[in-house]
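User: Could you give me a close look at the ligand site and the space that holds it?

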Amino acid sequence: MNKVLILSDVLQDLGLAYRYLPSTESTNDDARTWLDEGAADMSIVIADEQTKGRGRFERKWHTRAGAALASSLVILPTEHELDLVHLFSPMTGIAVAATLEKLFGLHPQIKWPNDILLSGKKVCGILSESAWIGSELKGVVIGTGINITSDAIPPGEMMSLPATCVEAETGYPVDRWLVLREYLTQMFHWRTHLGNEHFFHFWRSHLAYLGEEVEIQGNLEKDVTGILEGVAENGDLLIRSGQQRIQVRVGDVHLRLRPQ
Ligand code: BTN
(Lines give C-alpha, C1' and ligand atoms only; values in the text may rest on other atoms or scores of the structure.)
Protein backbone atom coordinates (compact mmCIF):
# COMPACT_ATOMS: atom_id res chain seq x y z
CA MET A 1 0.00 0.00 0.00
CA ASN A 2 1.22 3.54 -0.75
CA LYS A 3 2.39 5.57 2.21
CA VAL A 4 0.27 8.64 3.03
CA LEU A 5 2.47 11.68 2.60
CA ILE A 6 2.62 14.47 5.16
CA LEU A 7 3.01 17.95 3.66
CA SER A 8 5.58 19.15 6.21
CA ASP A 9 7.74 16.05 5.60
CA VAL A 10 7.64 16.55 1.83
CA LEU A 11 8.75 20.17 2.10
CA GLN A 12 11.35 19.55 4.80
CA ASP A 13 12.86 16.72 2.73
CA LEU A 14 13.19 19.13 -0.17
CA GLY A 15 14.67 21.76 2.17
CA LEU A 16 12.08 24.40 1.28
CA ALA A 17 10.60 27.19 3.37
CA TYR A 18 6.81 27.05 3.17
CA ARG A 19 3.61 28.59 4.39
CA TYR A 20 0.53 26.39 4.47
CA LEU A 21 -2.88 28.02 4.71
CA PRO A 22 -6.15 26.11 5.10
CA SER A 23 -7.91 29.02 3.39
CA THR A 24 -6.67 32.21 1.77
CA GLU A 25 -7.69 34.70 -0.89
CA SER A 26 -4.87 34.01 -3.36
CA THR A 27 -1.56 32.21 -2.80
CA ASN A 28 0.01 34.51 -5.41
CA ASP A 29 -0.79 37.49 -3.20
CA ASP A 30 0.56 35.69 -0.13
CA ALA A 31 3.76 34.75 -1.96
CA ARG A 32 4.15 38.35 -3.14
CA THR A 33 3.82 39.58 0.46
CA TRP A 34 6.41 37.00 1.56
CA LEU A 35 8.73 38.09 -1.25
CA ASP A 36 8.49 41.67 0.03
CA GLU A 37 9.31 40.38 3.53
CA GLY A 38 12.46 38.66 2.22
CA ALA A 39 11.42 35.12 1.24
CA ALA A 40 14.25 32.81 0.18
CA ASP A 41 14.47 31.41 -3.34
CA MET A 42 11.96 28.54 -3.88
CA SER A 43 9.84 29.46 -0.85
CA ILE A 44 6.34 28.15 -1.41
CA VAL A 45 2.81 29.01 -0.28
CA ILE A 46 0.22 26.24 -0.40
CA ALA A 47 -3.48 26.58 0.31
CA ASP A 48 -6.34 24.12 0.61
CA GLU A 49 -8.88 26.71 -0.45
CA GLN A 50 -8.67 30.01 -2.32
CA THR A 51 -11.52 32.48 -2.08
CA LYS A 52 -10.14 35.04 -4.54
CA GLY A 53 -7.79 32.99 -6.69
CA ARG A 54 -6.72 34.75 -9.84
CA GLY A 55 -6.04 33.52 -13.35
CA ARG A 56 -4.64 35.11 -16.49
CA PHE A 57 -6.67 37.89 -18.13
CA GLU A 58 -7.97 38.84 -14.65
CA ARG A 59 -10.15 35.75 -14.63
CA LYS A 60 -11.32 34.26 -11.34
CA TRP A 61 -9.74 30.95 -10.38
CA HIS A 62 -11.94 28.93 -8.10
CA THR A 63 -10.28 26.55 -5.57
CA ARG A 64 -12.59 24.47 -3.39
CA ALA A 65 -11.09 23.11 -0.16
CA GLY A 66 -8.89 20.09 -0.80
CA ALA A 67 -9.87 19.71 -4.47
CA ALA A 68 -6.77 21.13 -6.10
CA LEU A 69 -3.11 21.71 -5.62
CA ALA A 70 -2.94 25.50 -5.34
CA SER A 71 0.55 26.81 -4.74
CA SER A 72 2.76 29.79 -5.43
CA LEU A 73 6.51 29.58 -5.63
CA VAL A 74 8.88 32.50 -5.11
CA ILE A 75 11.78 32.49 -7.53
CA LEU A 76 14.73 34.81 -7.06
CA PRO A 77 16.45 34.71 -10.45
CA THR A 78 20.21 34.24 -10.53
CA GLU A 79 22.37 36.56 -12.65
CA HIS A 80 22.35 33.95 -15.43
CA GLU A 81 18.55 33.58 -15.30
CA LEU A 82 17.85 37.30 -15.61
CA ASP A 83 17.80 37.08 -19.42
CA LEU A 84 15.58 33.99 -19.28
CA VAL A 85 12.85 35.16 -16.93
CA HIS A 86 10.25 34.95 -19.74
CA LEU A 87 10.87 31.19 -19.76
CA PHE A 88 9.95 30.64 -16.07
CA SER A 89 6.30 30.30 -16.93
CA PRO A 90 6.82 27.70 -19.71
CA MET A 91 9.31 25.99 -17.40
CA THR A 92 6.50 25.55 -14.89
CA GLY A 93 4.27 24.09 -17.60
CA ILE A 94 7.05 21.67 -18.49
CA ALA A 95 7.50 20.70 -14.83
CA VAL A 96 3.76 20.03 -14.39
CA ALA A 97 3.57 18.03 -17.62
CA ALA A 98 6.64 15.99 -16.63
CA THR A 99 5.05 15.36 -13.22
CA LEU A 100 1.80 13.99 -14.64
CA GLU A 101 3.68 11.88 -17.16
CA LYS A 102 6.11 10.45 -14.63
CA LEU A 103 3.73 9.75 -11.74
CA PHE A 104 0.71 8.51 -13.67
CA GLY A 105 1.86 7.66 -17.20
CA LEU A 106 -0.58 10.29 -18.56
CA HIS A 107 -0.02 12.19 -21.81
CA PRO A 108 -0.14 15.88 -20.93
CA GLN A 109 0.09 18.57 -23.55
CA ILE A 110 1.19 22.17 -23.11
CA LYS A 111 -1.18 24.66 -24.66
CA TRP A 112 1.01 27.67 -25.37
CA PRO A 113 2.03 29.49 -23.37
CA ASN A 114 1.36 27.35 -20.31
CA ASP A 115 -2.00 25.69 -19.83
CA ILE A 116 -1.68 21.97 -19.23
CA LEU A 117 -4.17 19.73 -21.00
CA LEU A 118 -5.11 16.10 -20.48
CA SER A 119 -7.33 14.53 -23.15
CA GLY A 120 -7.60 18.04 -24.66
CA LYS A 121 -9.06 19.51 -21.45
CA LYS A 122 -7.42 21.93 -19.05
CA VAL A 123 -6.06 20.35 -15.88
CA CYS A 124 -3.71 23.11 -14.74
CA GLY A 125 -3.33 26.87 -15.09
CA ILE A 126 -0.23 28.89 -14.33
CA LEU A 127 -0.03 32.56 -13.38
CA SER A 128 3.44 34.04 -13.31
CA GLU A 129 3.86 37.53 -11.86
CA SER A 130 7.06 39.55 -11.69
CA ALA A 131 7.82 41.89 -8.81
CA TRP A 132 9.84 44.98 -9.72
CA ILE A 133 11.44 47.77 -7.75
CA GLY A 134 11.84 50.46 -10.39
CA SER A 135 13.72 48.73 -13.19
CA GLU A 136 15.14 46.03 -10.93
CA LEU A 137 13.50 42.60 -10.87
CA LYS A 138 13.03 41.55 -7.27
CA GLY A 139 11.58 38.12 -7.93
CA VAL A 140 8.95 36.12 -9.72
CA VAL A 141 5.89 34.47 -8.18
CA ILE A 142 4.67 31.42 -10.04
CA GLY A 143 1.16 30.31 -9.13
CA THR A 144 0.00 26.88 -10.16
CA GLY A 145 -3.47 25.43 -9.85
CA ILE A 146 -3.68 21.71 -10.61
CA ASN A 147 -7.18 20.21 -10.57
CA ILE A 148 -6.97 16.99 -8.57
CA THR A 149 -10.56 15.94 -7.83
CA SER A 150 -13.72 16.65 -9.80
CA ASP A 151 -14.66 19.30 -7.20
CA ALA A 152 -11.90 21.44 -8.69
CA ILE A 153 -13.65 21.74 -12.03
CA PRO A 154 -15.25 25.17 -12.27
CA PRO A 155 -18.80 25.83 -13.43
CA GLY A 156 -19.08 25.88 -17.24
CA GLU A 157 -19.53 29.62 -17.57
CA MET A 158 -16.19 30.29 -15.83
CA MET A 159 -14.24 28.16 -18.25
CA SER A 160 -12.35 29.34 -21.30
CA LEU A 161 -11.73 25.69 -22.22
CA PRO A 162 -13.32 22.42 -21.07
CA ALA A 163 -11.66 21.29 -17.84
CA THR A 164 -10.67 17.99 -16.31
CA CYS A 165 -8.94 16.81 -13.15
CA VAL A 166 -6.12 14.36 -12.50
CA GLU A 167 -8.39 11.78 -10.87
CA ALA A 168 -10.74 11.74 -13.88
CA GLU A 169 -7.76 10.81 -16.03
CA THR A 170 -6.10 8.27 -13.73
CA GLY A 171 -9.38 6.69 -12.63
CA TYR A 172 -8.13 6.38 -9.05
CA PRO A 173 -7.61 8.70 -6.04
CA VAL A 174 -4.50 10.81 -6.10
CA ASP A 175 -2.46 12.18 -3.20
CA ARG A 176 -1.96 15.94 -3.66
CA TRP A 177 1.30 15.94 -1.75
CA LEU A 178 2.74 13.26 -4.01
CA VAL A 179 1.98 15.55 -6.95
CA LEU A 180 3.49 18.50 -5.09
CA ARG A 181 6.70 16.60 -4.28
CA GLU A 182 7.20 15.55 -7.91
CA TYR A 183 6.29 19.01 -9.23
CA LEU A 184 8.91 20.67 -7.02
CA THR A 185 11.51 18.04 -7.92
CA GLN A 186 10.77 18.72 -11.59
CA MET A 187 11.03 22.50 -11.03
CA PHE A 188 14.53 22.04 -9.58
CA HIS A 189 15.44 19.84 -12.52
CA TRP A 190 14.10 22.09 -15.28
CA ARG A 191 15.59 25.19 -13.72
CA THR A 192 19.01 23.71 -14.41
CA HIS A 193 17.95 23.28 -18.06
CA LEU A 194 16.23 26.65 -18.47
CA GLY A 195 16.30 27.62 -22.15
CA ASN A 196 18.61 24.83 -23.29
CA GLU A 197 18.10 22.21 -26.00
CA HIS A 198 16.60 19.68 -23.59
CA PHE A 199 14.09 22.33 -22.41
CA PHE A 200 12.91 23.21 -25.93
CA HIS A 201 12.80 19.59 -26.96
CA PHE A 202 10.41 18.76 -24.10
CA TRP A 203 8.30 21.85 -24.72
CA ARG A 204 8.01 21.30 -28.47
CA SER A 205 7.30 17.60 -28.15
CA HIS A 206 4.43 18.29 -25.73
CA LEU A 207 2.93 21.24 -27.57
CA ALA A 208 -0.85 21.05 -27.99
CA TYR A 209 -2.40 21.73 -31.44
CA LEU A 210 0.89 21.20 -33.30
CA GLY A 211 0.15 21.10 -37.05
CA GLU A 212 -3.48 22.11 -36.43
CA GLU A 213 -5.31 25.22 -37.52
CA VAL A 214 -5.55 27.73 -34.71
CA GLU A 215 -6.52 31.32 -34.15
CA ILE A 216 -4.96 33.92 -31.92
CA GLN A 217 -7.00 36.78 -30.59
CA GLY A 218 -5.97 39.63 -28.39
CA ASN A 219 -3.94 42.79 -28.50
CA LEU A 220 -2.55 42.20 -31.97
CA GLU A 221 -3.01 44.49 -34.96
CA LYS A 222 -5.43 41.87 -36.23
CA ASP A 223 -6.39 38.31 -35.27
CA VAL A 224 -4.07 35.63 -36.64
CA THR A 225 -5.22 32.35 -38.15
CA GLY A 226 -2.89 29.61 -39.34
CA ILE A 227 -1.16 26.33 -38.66
CA LEU A 228 0.65 26.04 -35.34
CA GLU A 229 4.26 25.22 -36.18
CA GLY A 230 6.07 25.42 -32.86
CA VAL A 231 7.77 27.77 -30.42
CA ALA A 232 10.81 29.97 -31.08
CA GLU A 233 13.88 30.20 -28.82
CA ASN A 234 12.47 33.33 -27.20
CA GLY A 235 9.19 31.55 -26.36
CA ASP A 236 7.14 33.14 -29.17
CA LEU A 237 4.50 30.97 -30.83
CA LEU A 238 5.16 30.21 -34.50
CA ILE A 239 2.21 30.24 -36.87
CA ARG A 240 2.25 29.53 -40.61
CA SER A 241 -0.30 31.70 -42.34
CA GLY A 242 -0.19 31.19 -46.12
CA GLN A 243 3.36 32.06 -47.22
CA GLN A 244 4.04 33.95 -44.02
CA ARG A 245 5.45 32.76 -40.73
CA ILE A 246 4.13 34.84 -37.87
CA GLN A 247 5.67 35.03 -34.39
CA VAL A 248 3.25 35.74 -31.58
CA ARG A 249 4.60 37.15 -28.32
CA VAL A 250 3.26 35.98 -24.95
CA GLY A 251 0.94 38.63 -23.60
CA ASP A 252 -2.71 39.39 -23.69
CA VAL A 253 -3.44 36.89 -26.41
CA HIS A 254 -5.70 33.85 -26.49
CA LEU A 255 -4.87 30.74 -28.47
CA ARG A 256 -7.57 28.32 -29.52
CA LEU A 257 -8.28 25.70 -32.13
CA ARG A 258 -10.04 27.19 -35.12
CA PRO A 259 -13.71 26.15 -34.98
CA GLN A 260 -14.49 23.79 -37.90
C1 BTN B 1 -4.94 30.59 -15.61
O2 BTN B 1 -5.10 29.52 -16.20
O3 BTN B 1 -5.57 31.60 -15.96
C4 BTN B 1 -3.98 30.65 -14.45
C5 BTN B 1 -4.56 30.14 -13.18
C6 BTN B 1 -3.59 30.19 -12.03
C7 BTN B 1 -4.24 29.74 -10.73
C8 BTN B 1 -3.25 29.61 -9.60
S9 BTN B 1 -3.92 28.75 -8.22
C10 BTN B 1 -2.55 29.22 -7.24
C11 BTN B 1 -2.20 30.64 -7.61
N12 BTN B 1 -2.96 31.61 -6.85
C13 BTN B 1 -3.76 32.35 -7.63
O14 BTN B 1 -4.52 33.25 -7.24
N15 BTN B 1 -3.65 31.95 -8.91
C16 BTN B 1 -2.68 30.90 -9.06
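**The cavity and its ligand**

The lining of the largest cavity divides into 10 nonpolar, 15 polar and six charged residues (Ala, Val, Leu, Ile, Met, Phe, Trp, Tyr, Cys and Pro count as nonpolar, Asp, Glu, Lys and Arg as charged, and the others, Gly among them, as polar). A cavity here is a set of points, on a 1 Å grid over the protein atoms alone, where a 1.4 Å probe fits but cannot get out, and lining residues have an atom within 4 Å of a point.

This is a predicted model, where local features need pLDDT of at least 70, side-chain atom pairs count only at pLDDT 80 or more, and totals for chains, interfaces and linings use all residues. Residues are numbered from 1 along each chain as its sequence is written, and side-chain values use heavy atoms, with hydrogens and water left out.

The volume of the largest cavity is about 370 Å³ (the space filled by probe spheres set on the points, which are joined across faces, edges and corners). Among its 31 lining residues, R54, G55, W61, K122 and G125 lie nearest the centre.

The ligand sits in this largest cavity (more than half of its atoms lie within 2 Å of the grid points). Around the ligand are 20 residues, of which S26, Q50, R54, R56 and K122 come nearest (a heavy atom within 4 Å counts as near).

Now the polar contacts (pairs of N or O atoms within 3.5 Å). Oxygen atoms of the ligand lie 2.7 Å from a side-chain N or O atom of S26 and 2.6 Å from one of K122, while a ligand nitrogen is 3.0 Å from a polar side-chain atom of T27.

Terms used:
A polar contact is a pair of N or O atoms within 3.5 Å; within protein, one must be able to donate a hydrogen and the other to accept it, and residues adjacent in sequence count only if both atoms are side-chain atoms. On a 1 Å grid over the protein atoms alone, a cavity is a set of points where a 1.4 Å probe fits but cannot get out, and a pocket is an open set with protein on both sides within 12 Å along at least five of seven lines; lining residues have an atom within 4 Å of a point.
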